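Hi,

Here is the structure I said I'd pass on.

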Amino acid sequence: MSSLLPTTEAAPRTRSRSYGAIVWRQLRKRPTAMVSLGVIVLLAFLAVIAPFLAGEVPIRWVEKGQVSWPIFRYLDNAEYAGMLAFLLAVLLPVTVRLVRARAERAAVSPLVRAALIHGAVWLAATVVLFAARTPERRYGFFLERAPEAQSAWFPLITTPRHPGYESLAHRDEAPSWRHPLGTDRLGQDIVLRILYGARTAMTIGFVAVGIGASIGIALGSVSGYFGRWVDLVLMRVAEVFMFIPQIVLIIIILAVIPSWFPPLWAVVFVIGVTGWTGYYRYMRAELLRIRSEDYMTAARALGIPMWRLLLRHAVPNGMAPILVGATFGIAGAVFLEASLAFLGLVQTPSWGELLNDGRQHLEYWWGWASAGGAIFLTVFVYNLLGEAIRDAIDPRLKI
Amino acid sequence: MKTYIIRRLLLMIPTLIGITIVVYFIVRLAPGDPIEAMIRNQSGNIDPKAMKESAQKIRDRLGLIDYHFLRDRLFGPENSWKEKPAGAAFWAAEAADKVASAAVGYVQWFGRLCVGNFGESIKYRTSGGSRNPLLLMAERIPVTATLNVIAETLIFLIAIPLGFAAARYQGKWFDRASSFVLLALWSIPAILAATLLIGYLGLGGRGLEWFPIGNLHSFGYEKLPLGAYLKDLLWHAALPVVCLVYGGLAYLAKMGRASLLENLRADYVRTARAKGLPEERVVYHHALRNSLLPMITALVLAIPGLIGGSVIVEYIFSIQGTGLLLVDAAKAYDLALIMAETLLYGVLTLVFLLIGDVLYAWADPRVRYE
Amino acid sequence: MGGTLHGNFNAEPQTLNPLTYKDLYARYVKEYVVEALLDRDPDTLQFIPWLADRWEVSPDGLIITFHLDPRAKFSDGMPVTADDVVFTYQTIVNPKIDCQSLASYFEDCRGCEKIDDRTVRFTWKKPYFLSLEFSAIDVLPKHVYQFKDPKEFNDINDILVGSGPYKFNKGWKTGQHIILERNENYWGNPPSFDRVVYRFILEEQASVQAILAGELDFLAVTPEWWMKLKERPDVTDRFNLYRYSTPSNGYSYIGWNNARPPFDDARVRLAMTHLVWRDQILKYMDYGVGLVATGPFWPPSPQCDTGIHPWPFDRDAARKLFKEAGWEDRNGDGWLENTEGKRFEFEFCTASGAQATRDEIRIIGEEFRRMGIDMHVRLYEWSIFTVKLDNRDFDVVMLAWGGGGVEEDPYQTFHSSQIANRGSNFISFRSAEADRLIETARMTLDAPKRNALYHQFHRLLHREQPYTFMFDRESLRLVSKRVKGTQVHKMGMFPMDWWIGKEGAAPREGQGP
């Protein structure tokens with residue numbers, strides 16, 4: 001029985017958990033969610049290190065006593081940026097912990113602050129990279145000169161990066177030791193195509209949905225904060241965007257872009273810019289709902305400014321359905337990319353393209369089965385994750 | 001309620017105008033000349049002068065004239081140039097002219113729309129020879145709608161009971177397994193599904209050869225009596241419908257499950273149980289009926305989707321539907337057709353959204369709109 | 001005799017108007033229903049009578065007279081008369097009628113006049129070796145097509161009436177098929193089928209499965225399918241496989257912009273040709289179906305110099321030519337530069353088209369990169385692409401010309417006068433000698449002399465390489481064994497010559513499960 005006398009001992013400290021932490025804890029308990037997350041991280045990792053896994057540029061090359069690391073010269077600036085992004089994303093939890101240790105109470109959650117820090121670092125590094133460096137693009141002749149080298153560490157699967165006359169002679173080969181998933185109709189290794197296709201899928205998924213979600217969150221907050229006329233107008237704008245036929249816009253944008261602009265990013269841009277309406281509505285609904293809650297009125301009466309309250313309470317709560325929507329959005333974007341490749345609109349290396357290739361000739365099953373399987377796996381995993389998050393944010397399940 | 005409906009209807013107008021303006025300008029301002037391209041594409045070598053005239057005539061008819069007010073004032077008319085001017089001023093003048101032409105064109109289009117003239121399709125004709133976009137769509141909608149109706153019916157018939165069953169046995173293996181399976185189905189890309197179905201279940205394929213793989217009718221179907229005609233139609237529609245159905249199950253099943261779960265937790269159910277009513281009666285008599293409500297709303301909202309076809313399914317199965325029409329229209333910058341489709345779909349969706357909301361309010365007295 | 005022939009089109013024609021049609025499929029349909037004054041013997045390639053049973057050409061080649069066969073009549077029983085020929089001609093050249101490409105053939109024609117009910121005369125301004133070919137126009141029935149306002153005629157899209165063995169009677173069901181019926185009144189040899197049906201199955205795999213399921217009688221296939229189907233005994237049991245060349249197949253090519261450096265130098269163009277390994281591409285991408293082209297003429301045509309062999313794939317020869325033209329790697333960066341240090345780079349344009357074309361470009365581009373040439377590929381939508389061609393605003397394009405007749409006039413494609421005004425010489429090829437050869441040859445009515453000139457022209461093109469000629473395509477057809485009379489002529493295959501044999505099952509029609 002505890003003493004009723006006052007003690008000098010301080011009351012045990014209860015750690016207040018943020019909404020996000022609660023959701024995360026729920027998620028950790030679900031094996032499907034963790035496996036899905038793991039697969040996603042693995043896919044992103046494979047996409048990022050693709051050149052090291054399959055290609056023709058060696059990682060290490062020793063000739064006439066000279067050691068060089070050709071692959072690093074040949075890596076694109078965008079590839080380095082991608083690697084950095086992946087690294088920073090994976091290190092996010094570390095930064096979060098550091099940030100939280102430094103300042104417990106702030107208007108903005110530690111997660112957001114950590115994300116902003118990482119974002120700024122990435123942006124700065126990328127700008128410097130693009131300004132200062134031009135990647136090597138010439139034909140390397142590495143495969144042909146391999147006998148001349150004293151030592152050459154080629155990627156795991158050594159195969160030409162692009163199809164050429166020589167690879168043509170090896171078209172449509174069944175899986176073998178040299179080509180674990182076989183070759184496609186131009187003689188290109190399918191593992192290579194799957195790896196590089198993963199990049200397209202990840203890019204479309206994350207970036208397109210990222211753009212869409214950002215726009216949606218921003219506009220939704222504005223709508224929810226100001227209300228009335230602003231809300232009325234923005235809702236109409238959202239409805240307009242909802243009805244713009246995406247396909248039409250994509251086709252036309254692809255025709256407009258100048259030659260140096262990669263079509264993939266144009267598509268990503270279009271998907272992002274036309275896909276924000278859902279997120280807008282979630283955020284707006286959350287803000288409008290919270291505004292009328294009693295504790296908000298009380299807080300306002302205490303003189304706390306509205307924006308601070310919304311930021312601290314409404315936005316984090318609104319993020320939950322947005323997160324669910326985002327995961328399903330990524331799955332949808334991967335599907336959309338496959339459809340675009342099917343219609344022949346985009347020519348980036350992608351799973352959709354590979355799937356379409358194999359369609360007419362089912363007996364060369366390694367191509368379409370790999371691509372179809374990759375699309376299926378990715379979309380499935382995102383869907384599982386989305387489901388799990390949705391279940392996790394269901395307040396009735398909280399302990 | 002009445003004021004609510006009227007207000008919603010009035011609010012639709014600026015939205016629709018906004019949609020039409022955005023789409024019109026996008027298509028109009030896109031570079032490339034669809035008219036001359038179409039003429040040239042289809043006839044190879046052509047006398048340039050004659051083509052210009054031909055193109056001009058078509059442009060007049062379709063209201064797609066490009067005006068050059070600014071450019072003419074600053075640089076003189078085109079036939080007075082020795083060589084094409086260059087520079088930022090020229091580019092800016094042309095851009096401004098293009099925007100102005102688009103604006104004029106939009107007003108023209110809008111004016112014609114008010115008297116019911118939807119313009120003319122550049123690329124397409126109905127089998128009767130008309131270029132009226134509405135008729136073009138009217139030709140294709142029945143095809144798409146037939147498939148969609150069959151597909152949606154199947155989805156509702158399969159998904160809702162599944163969802164309800166999952167809620168009933170919540171947490172047990174059926175719930176988890178069905179959720180897993182449905183999600184997996186949803187994750188299969190349509191291209192893959194269609195290809196596999198054709199390849200392994202289709203006539204002339206590598207497998208069972210049970211179903212035809214193209215069109216919705218056998219050749220010579222007009223002569224069939226009604227019973228045989230329907231059988232033939234269903235036989236042809238089998239594979240495309242499967243493609244449309246398998247992915248749509250997950251969403252509706254989830255919704256059904258959530259709806260029933262919500263009702264099962266409600267107070268009135270707790271009361272019923274406390275009253276000692278058998279579980280079956282509780283579930284089937286009370287909770288289910290109320291759970292069907294959101295399903296009805298979903299049904300209403302699905303109706304506008306009936307006229308939108310899946311491009312992939314239509315292409316792979318050689319079905320002349322509205323999905324393919326829109327994509328082809330976009331590729332050809334076929335303005336009249338794009339505008340007509342967008343407008344039709346926009347109007348339908350907004351109207352049915354309103355109907356859905358009204359229905360929900362009517363069915364559930366707790367919901368009130370001011 | 002009798003029965004129905006089932007064929008397939010990969011795309012639906014836009015219109016069946018016999019003059020304003022623009023696509024291949026409409027032309028196929030038209031050929032069943034409408035006839036022309038003269039035909040070509042499918043094997044000797046000589047002109048033979050058709051609607052005209054006799055004709056005379058004046059010695060100077062300017063006056064061509066046709067005498068109509070008195071038996072000739074349209075499907076409604078009305079006789080084919082000179083009035084119909086004159087009407088057709090006047091409709092073609094009427095500037096308000098939407099058939100400018102056809103009308104352009106008659107630029108140098110003074111007119112077509114009726115001499116009597118059965119005789120017409122075409123008068124030309126200049127001697128032209130194709131005058132006879134052009135004058136032998138299709139003949140449309142005036143009483144069906146006459147119009148007050150040209151718009152009426154332009155708007156016709158499903159009225160197709162002629163004197164041919166089959167007639168079209170509103171048998172076009174959009175999205176489904178086109179049906180032609182036997183013309184019971186046909187004035188010539190009785191047609192062999194009761195009906196001819198063309199279905200619209202867009203997807204190739206679906207169309208292959210349709211023919212294997214017995215729903216089609218004949219089908220055009222791509223080389224890939226060809227190779228697979230050839231090996232299957234269940235296919236070769238039921239079908240005959242044919243492979244042949246026909247003048248309408250045309251040829252594909254890489255068009256270098258001859259007015260833009262570095263492609264204004266013929267050595268550079270030849271070097272580029274040396275880097276295109278056409279044999280390899282043909283062998284592995286087309287499974288050997290087709291021929292490597294060396295010029296614009298159809299190989300069996302007398303205009304083609306068959307003694308010319310394609311330039312071989314030769315990296316060393318290419319390097320040498322580049323060096324001669326001033327292009328070599330001067331700074332060891334792996335790219336070719338000229339004397340001013342400018343890198344060899346260019347943009348390769350193509351219209352979004354067949355996957356096969358894009359693949360070809362990719363493979364070729366890899367070889368260029370190997371040589372040190374930086375190539376960027378740009379895919380354009382057709383509407384923009386044609387604008388670029390018109391404005392000569394490109395470096396390199398890959399295209400194909402659909403062929404026409406047995407003999408072709410290279411004037412529009414290679415004469416320097418066709419560079420301006422958006423003519424078809426969009427690569428801006430300019431050669432005084434080529435001009436001279438073209439001008440002289442087209443006015444030479446004596447065939448051997450003319451063909452000798454064309455051979456010279458062919459050799460000139462081979463030296464100059466304004467295009468890198470790629471392939472003369474071949475047609476591949478799968479035909480059900482129940483169809484008889486399927487002979488391959490020098491000019492190709494003609495379904496109208498076929499008939500249904502007694503044995504063999506009929507295709508499925510209106511059948512349920």
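Predicted model: local features only at pLDDT ≥ 70, side-chain atom pairs only at ≥ 80, totals over all residues.

First, the core. The largest nonpolar core has 305 residues, and the members that touch the most others are Val334(A), Ala194(B) and Leu37(C). Helix α16 of chain A (residues 306-342) contributes the largest share of this core, at 18 residues. If you want to look around Leu37(C), skip its neighbours within four places in sequence and you'll find it in contact with Trp50(C), Leu51(C), Ala52(C), Phe66(C), Ala136(C), Ile137(C) and Val139(C).

Next, a helix pair in chain B. Helices α6 (residues 133-168) and α7 (residues 173-186) of chain B pack with their axes 7 Å apart, at an angle of about 140°. On the α6(B) side, Leu162(B), Ala165(B) and Ala166(B) meet Phe174(B), Asp175(B), Ser178(B) and Ser179(B) of α7(B). Sorted by class, that contact has 4 nonpolar, 2 polar and 1 charged residues.

Finally, where chains A and B touch: 31 residues of chain A are in contact with 33 residues of chain B. On the chain A side, α11, α12, α16, α17 and α18 each supply at least two residues, and α18(A) gives the most, with 9 residues. By class, this side of chain A has 23 nonpolar, 4 polar and 4 charged residues.

Cheers

Key. Residues numbered from 1 in each chain as written. Chains lettered and ligands numbered in written order. Core = buried A, V, L, I, M, F, W, Y, C linked by C-beta atoms within 7 Å. Buried ≥ 20, exposed ≤ 12 C-beta atoms within 10 Å, placed from the backbone. Helix = DSSP H or I, 4+ residues; strand = E, 2+ residues; numbered from the N terminus. Contact = placed C-beta atoms within 7 Å. Axes fitted to C-alpha atoms, helices over the stretch in contact; angles between N-to-C directions. Nonpolar A, V, L, I, M, F, W, Y, C, P; charged D, E, K, R; others polar.
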